[in-house]
Amino acid sequence: MTQERDATRMHDKSRTTAQRGSRRYARLLVTGGAGFIGSCFVRDVLGRRDGTHITVLDKLTYAGNRSNLAPVEADPEQAARLRFVVGDIADPEIVEPLVAEADAVVNFAAESHVDRSILEPVDFLRTDVLGVHVLLEACRKEQARARAGGRAATPRMLQVSTDEVYGSVETGESVEDDRLEPRSPYSAAKAAGELLVRSYFITYGLDVVVTRGSNTYGPYHYPEKLIPLFVTNAIDDQQLPLYGDGRQRRDWLYVADHAGAIGHVLEHAGAGETYNIPGGNERANREVVATLLELLGKPWSLVRSVEDRPGHDWRYAMTGDKLAALGWKNKMSFEVGLAATVDWYLANQGWWRPIKSGEWEEYYRRQYATRLAGSRDAG
Ligand code: NAD
Ligand code: TDX
């Protein structure tokens with residue numbers, strides 16, 4: 001109860017700053033900017049050609065790929081406004097000088113795959129919790145510097161969180177003040193990360209905002225996740241391992257809409273606020289897979305029903321009223337976005353084929369070999 005009262009108080013307090021109008025940040029630190037959504041954000045912000053400078057800090061884990069930024073690195077005007085630093089957000093020595101130069105920090109860096117969190121949770125705690133703490137501490141140092149007159153303003157920090165922190169939503173839609181009930185090591189780590197962010201607003205008055213995006217899809221998506229895994233497997237006529245009965249439901253958000261909404265929240269939200277970013281496209285997994293197969297002209301017989309994910313969240317759904325009131329509207333429809341995504345994977349096999357080798361093969365065996373051996377017809 002106390003926790004709920006605190007959450008309400010924070011919400012009321014921050015409401016006073018919610019209508020602060022817009023602010024452009026000239027120097028951004030984008031952590032995890034070589035990943036799927038972070039690289040889209042970097043490509044789109046630099047593509048505006050409005051003079052914004054971006055430093056990307058990325059550890060280049062298995063999921064990070066510098067070639068996701070190739071389009072901006074090939075454009076001299078955009079490349080001149082991009083700096084790429086390879087490093088860990090959990091390392092204060094690397095983080096502090098970069099935060100000292102930034103007007104805002106947008107934290108995409110995370111271990112992001114639920115199945116990997118079930119196999120090996122420890123990296124999720126290091127990056128998604130301790131890494132967030134290191135970023136917050138660096139911002140707190142800059143707050144002290146700003147208060148002492150050493151810089152104009154404290155950097156704003158935007159924490160990219162997820163709809164998974166609400167847990168499985170059997171009916172209705174999650175609103176921002178709902179209780180967090182994460183159920184996987186991944187979502188528990190993400191929830192811990194954003195609770196730390198909230199605590200730095202309440203305790204230190206740090207300028208922070210949080211977004212909770214829904215299931216994102218689109219080009220440059222690492223092929224461990226449902227849509228890119230099934231598209232790339234289907235192109236090669238490989239089996240598609242559907243967990244359980246495949247009736248679980250997700251709300252799909254196109255990557256450029258997710259990145260655009262994050263930019264909008266960064267520039268318009270009041271300090272301490274949290275915003276859901278729903279896609280508005282709730283579908284059962286089976287429906288998504290059927291549409292993908294139709295787009296590729298491949299048969300349903302590729303789909304195999306395999307042993308379910310332990311603790312599998314049945315459904316995610318969020319309301320987007322608060323984000324709409326801030327003036328954001330998604331642009332991409334699911335049908336057009338999915339067709340564009342399938343086309344991208346067909347046209348960019350040079351991007352994903354090298355990824356599906358080396359470490360990938362070991363992961364794939366661990367995650368799917370036994371499942372596929374015991375699989376059934378998916379009906
Ligand atoms: P991703 O796995 O594609 O990319 C993560 C990036 O972070 C990679 O480039 C990786 O190298 C980097 N990274 C990992 N650990 C790091 C560390 N310790 N220091 C620096 N860099 C590190 O992830 P994504 O799908 O682009 O997700 C980005 C963010 O959005 C994550 O915070 C995720 O929790 C959140 N999110 C994702 C989705 C989705 O559907 N993909 C939906 C909602 C929220
Ligand atoms: O092989 C599979 N078979 C299958 O049936 C995989 C990889 C997934 N699935 C199911 C599980 C989910 O119900 O498809 C659905 C989507 O799975 P993922 O693509 O792994 O995404 P999800 O677990 O929903 O989490 C995603 O959305 C929220 C992202 O990976 C997270 O980073 C984000 O926070």
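In the predicted model, the axes of helix H11 (residues 285-296) and helix H13 (residues 334-347) come within 10 Å and cross at roughly 55°, where axes are lines fitted to C-alpha atoms over the stretch in contact and angles run from 0 to 180 degrees between N-to-C directions. H11 and H13 are therefore oblique to each other, since angles under 35 degrees count as roughly parallel, over 145 as roughly antiparallel, 65 to 115 as roughly perpendicular and the rest as oblique. Contact (heavy atoms within 4.5 Å) joins Val288, Thr291, Leu292, Leu295 and Leu296 of H11 to Phe334, Leu338, Ala339, Val342 and Leu346 of H13. The residues of this contact divide into nine nonpolar, one polar and no charged, with Ala, Val, Leu, Ile, Met, Phe, Trp, Tyr, Cys and Pro counted as nonpolar, Asp, Glu, Lys and Arg as charged, and the others, Gly among them, as polar.

For helix H7 (residues 122-147) and helix H8 (residues 185-204), the axes come within 8 Å and cross at roughly 15°, which makes H7 roughly parallel to H8. The residues of the contact of H7 with H8 divide into 12 nonpolar, three polar and five charged. Helices are DSSP runs (H or I, at least four residues) numbered from the N terminus.

The second largest cavity is lined by Val114, Glu164, Ser184, Arg250, Arg309, Pro310, Gly311, His312, Asp313 and Tyr316, a cavity being a set of points on a 1 Å grid over the protein atoms alone where a 1.4 Å probe fits but cannot get out, with lining residues having an atom within 4 Å of a point. This lining comprises three nonpolar, three polar and four charged residues.

Residues are numbered from 1 along each chain as its sequence is written, and chains are lettered from A and ligands numbered from 1 in the order in which they are written. As this is a predicted model, local features need pLDDT of at least 70 and side-chain atom pairs count only at pLDDT 80 or more, whereas totals for chains, interfaces and linings use all residues; side-chain values use heavy atoms, with hydrogens and water left out.

Terms used: 1 Å grid on protein atoms, 1.4 Å probe; cavity = no way out; pocket = protein on both sides within 12 Å on 5 of 7 lines; lining within 4 Å. Helix = DSSP H or I, 4+ residues; strand = E, 2+ residues; numbered from the N terminus.
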